[in-house]
Amino acid sequence: MVNTAGQVIRCKAAVAWEAGKPLVIETVEVAPPQKMEVRLKVLYTSLCRTDVYFWEATGQKPLFPRILGHEASGIVESIGEGVTDVQPGDHVFPVFTGECKECVHCKSKESNMCNLLRINTDRGVMIHDGKSRFSINGKPIFHFVGTSTFSEYTVVHVGCVAKINPLAPLDKVCGVSCGITTGLGAALNVAKPPKGSTVAVFGLGTVGLAAAEGARIAGASRIIGVDLNSSKFELATKFGVTEFVNPKEHNKPVQEVIAEMTDGGVDRSIECTGNVDAMISAFECVHDGWGVAVIVGIPHKDAVFKTHPMKLLQERTLKGTFFGNFKASDLPSLVEKYMNKELELEKFITHEIPFTEINKAFEYMLKGEGLRCIIRMDG
Ligand code: NAD
Ligand code: ZN
């Protein structure tokens with residue numbers, strides 16, 4: 001690599017200029033990393049539903065022009081003042097759930113909600129100086145969740161990078177930086193289904209199917225997949241889903257359908273749709289006495305979760321999680337699991353495209369086609 005440290009880099013980025021309009025590949029200027037920041041060369045990125053919500057900006061706060069993207073893998077190009085954890089050349093993930101390593105959350109084994117670097121979808125600038133590192137002819141372009149990976153180079157806080165095994169294939173492991181880890185963790189760290197239990201998973205996208213995979217690994221014996229799109233069902237069998245329910249095919253609420261299938265309700269449910277009605281159904285379909293429901297989907301900004309408090313009194317538990325309660329520092333060990341063939345990642349990749357065709361990834365997701373689409377930045 002040519003030494004570009006300390007210099008502004010001109011490179012290609014896919015800019016979202018307006019809500020819902022196709023991204024435009026532009027030449028952007030990426031400023032050098034400042035104090036406690038790292039500049040990354042992104043090699044692979046993929047589209048997660050959360051990017052789509054902030055691009056559509058119908059249920060989320062609009063902030064444009066912006067460089068979206070948070071699921072990615074790459075290499076450290078240069079480091080700013082005070083950075084000692086990574087060096088140029090290191091293979092890394094950018095991570096939207098960062099770790100300052102000093103706050104009460106970082107010191108707690110139970111939380112990944114770092115006071116400084118937890119997900120913030122409304123901030124479009126760097127924490128250090130409140131400015132953007134991206135510009136086009138001097139006009140700033142906003143960041144997204146501290147990662148902005150739809151760019152050949154991006155600047156992130158050092159607490160938002162996870163250094164991984166340099167032998168890991170960066171395209172295959174890309175999904176570990178968001179969707180796969182979120183779903184796996186929602187099952188393994190939060191829902192914690194006992195051996196032999198029954199688990200319902202709402203939403204059979206990458207996050208939901210990673211949750212199903214987590215439930216299978218935990219030893220669940222029945223995994224009920226719930227999706228409005230029946231074309232997801234065939235693929236879902238590869239992830240341990242044993243039964244399917246399409247709520248549109250029933251004339252009663254899906255929680256009642258599930259209660260009938262399971263003699264009173266499932267032991268665990270994991271919601272991965274972002275739809276508040278599905279969240280309510282996911283909660284109400286767990287068995288009284290012990291059932292636990294976990295909310296993972298990102299809701300509409302005005303959504304209200306409504307249920308009768310009696311459902312809680314009857315000893316059901318409702319939980320939520322960002323990033324499956326994993327910390328950025330847990331990611332290297334997930335990559336090792338993949339390297340040791342204990343975790344399958346390839347089956348989440350259904351499409352691959354060059355960066356210039358990034359809008360196709362949005363089309364696939366909007367059509368509900370497949371799972372992750374890997375975007376090659378050198379294309
Ligand atoms: P996706 O679009 O690939 O999958 C979502 C699936 O849900 C689709 O198959 C869709 O048909 C289904 N669905 C939508 N509404 C439904 C409903 N009412 N009932 C049943 N099924 C329904 O999305 P994804 O990338 O897998 O992400 C899933 C959700 O998780 C999104 O809301 C995303 O924003 C969220 N997410 C949360 C975190 C976190 O840290 N909490 C991280 C990543 C993604
Ligand atoms: Zn995501």
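Biologist: What does helix H8 lie across in this structure?

Modeller: In this predicted model, H8 lies across E10, strand E13 (268–271), strand E14 (292–295) and E15. Its direction is at about 170° to E13.

Biologist: Which strands make up the open sheet, and in what order?

Modeller: There are 6 strands, ordered E12-E11-E10-E13-E14-E15, and the pairing is parallel.

Biologist: What makes E12 and E15 the edges?

Modeller: E12 and strand E15 (317–320) each have a single partner strand, so one side of each has no neighbour in the sheet. From one strand to the next, the twist averages 20°.

Biologist: How do you know that E10 and E11 count as a pair?

Modeller: Pairing takes at least two bridges, and E10 and E11 have 5, so they qualify, in the parallel sense. Ala200 stands opposite Ile224 in E11.

Biologist: Okay, on to H7. Which of its residues are called buried?

Modeller: In helix H7 (residues 254–261) they are Val254, Gln255, Val257 and Ile258. Buried means under 20% relative accessible area, so each of those four falls below that cut-off.

Biologist: Why say they sit on the same side of H7?

Modeller: Because they cover an arc of only 160° around the axis, which puts them on the same side.

Biologist: And what do the buried residues of H7 pack against?

Modeller: Strand E10 (198–202), strand E11 (222–226), strand E12 (243–245) and helix H8 (276–284). After H7 comes Asp263, with a positive phi near 55°.

Terms used:
Residues are numbered from 1 along each chain as its sequence is written. Chains are lettered from A and ligands numbered from 1 in the order in which they are written. This is a predicted model: local features need pLDDT of at least 70, side-chain atom pairs count only at pLDDT 80 or more; totals for chains, interfaces and linings use all residues. Side-chain values use heavy atoms; hydrogens and water are left out. Buried means under 20% relative accessible area, exposed over 50%, partly exposed in between (1.4 Å probe, protein chains only). The arc is that of the directions from the helix axis to the C-beta atoms. Contact means heavy atoms within 4.5 Å. Axes are lines fitted to C-alpha atoms, for helices over the stretch in contact, and angles run from 0 to 180 degrees between N-to-C directions.
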